[in-house]
Amino acid sequence: MQQTLSQILQGRATVVQSTSDEITLEVAAADYLDVMQTLRDVTGCRFEQLIDLCGLDYSAWRDQSWDGPRYAVVAHLLSVSLNQRVRVRVRCPDDDWPQVPSVSHLWSAANWYEREAFDLYGIVFDGHPDLRRILTDYGFIGHPFRKDFPLSGHVEMRYDPERRRVIYEPITIEPRENTPRIVREDHYGGGLR
């Protein structure tokens with residue numbers, strides 16, 4: 001399948017790699033939509049199903065600094081008729097405004113996955129029919145899966161029974177580090193004595 005994909009894509013995939021019988025294609029953002037349509041429509045591919053699509057933040061990849069583009073989108077495709085899978089990775093060329101074309105018109109399952117990637121990473125999918133937040137509140141500021149997102153926020157929300165509505169207030173919880181309790185009993189977990 002790796003050679004077939006290389007021939008069909010004719011250089012539009014910058015990397016065609018097979019590791020542990022899993023094929024990964026690296027595609028430039030400018031070629032992404034064309035490659036995805038080819039993978040769906042060409043007889044030698046016929047990837048009928050989009051299994052998953054997610055965003056990635058490479059800002060601190062494997063505890064090292066990363067020189068390439070910070071954000072990427074990874075899609076997993078399945079060809080039921082050929083019993084093949086492929087992973088397609090496209091890197092967003094602009095770190096300040098990560099954007100790639102939408103594939104929701106090719107696979108309807110991409111609609112929700114692209115909305116998740118937009119909500120959690122801030123990746124914009126050009127041409128998406130309804131790109132809005134899906135998991136966080138409408139007034140939420142930021143994208144929680146970005147590696148630079150603060151672990152504790154600046155405001156907290158709670159329901160105020162006197163005002164009969166949800167209110168936002170400055171955070172009152174003191175940050176702390178939890179240390180797990182270490183059990184040092186001789187017969188711990190060994191049953192009855």
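Start by selecting residues 155-160 and 165-170, strands S10 and S11 of this predicted model: the two run antiparallel and are joined by six bridges. Strands pair here if DSSP finds at least two bridges between them. Strands (E, at least two residues) and helices (H or I, at least four) are DSSP runs, numbered from the N terminus. Within the pair, pick Arg 158; its bridge partner in S11 is Ile 167. Four residues lie between the strands of this hairpin, where Arg 164 takes a positive phi near 60°.

Numbering starts from 1 along each chain as its sequence is written. Because the model is predicted, local features need pLDDT of at least 70 and side-chain atom pairs count only at pLDDT 80 or more, while totals for chains, interfaces and linings use all residues; side-chain values use heavy atoms, leaving out hydrogens and water.

Next, select Asp 160, which lies in strand S10. Is Asp 160 buried or exposed? Asp 160 is buried, with a relative accessible area of 8%; buried means under 20%, exposed over 50% and partly exposed in between, using a 1.4 Å probe and protein chains only. A polar atom of the Asp 160 side chain lies 3.1 Å from the backbone nitrogen of Glu 162. Leaving aside residues up to four places away in sequence, Asp 160 touches Arg 165 and Ile 167, where contact means heavy atoms within 4.5 Å.

Move to helix H3, residues 110-121. H3 has twelve residues and reaches 16 Å from its first C-alpha to its last, close to the 16 Å expected at 1.5 Å a residue; the expected span is 1.5 Å times one less than the number of residues. Colour the buried residues of H3: Ala 110, Glu 114, Arg 115, Ala 117, Phe 118, Asp 119, Leu 120 and Tyr 121. These buried residues pack against strands S3 (49-57), S6 (71-79), S8 (99-101) and S9 (124-126). After H3 comes Gly 122, with a positive phi near 80°.

Show side chains for two charge-over-ring arrangements, defined by NZ of Lys or CZ of Arg within 6 Å of the ring centre and within 35 degrees of the ring normal. Arg 115 lies over the face of Trp 112, 5.1 Å from the ring centre. The charged end of Arg 91 sits over the ring of Tyr 58, at 4.7 Å from its centre.

Now go to the loop between S8 and H3 and select Ser 104. Ser 104 counts as buried, at 13% relative accessibility. Its side chain makes a polar contact of 2.9 Å with the side chain of Ser 102; such a contact is a pair of N or O atoms within 3.5 Å, in which, within protein, one must be able to donate a hydrogen and the other to accept it, and residues adjacent in sequence count only if both atoms are side-chain atoms. Not counting residues up to four places away in sequence, Ser 104 touches Ala 110, Asn 111, Glu 114, His 128 and Pro 129. Phe 125 is 21 residues from Ser 104 along the chain, with 9.3 Å between their C-alpha atoms.

Finally, zoom out to the chain. Its secondary structure comes to three helices and eleven strands. Of its 193 residues, 33% count as buried.
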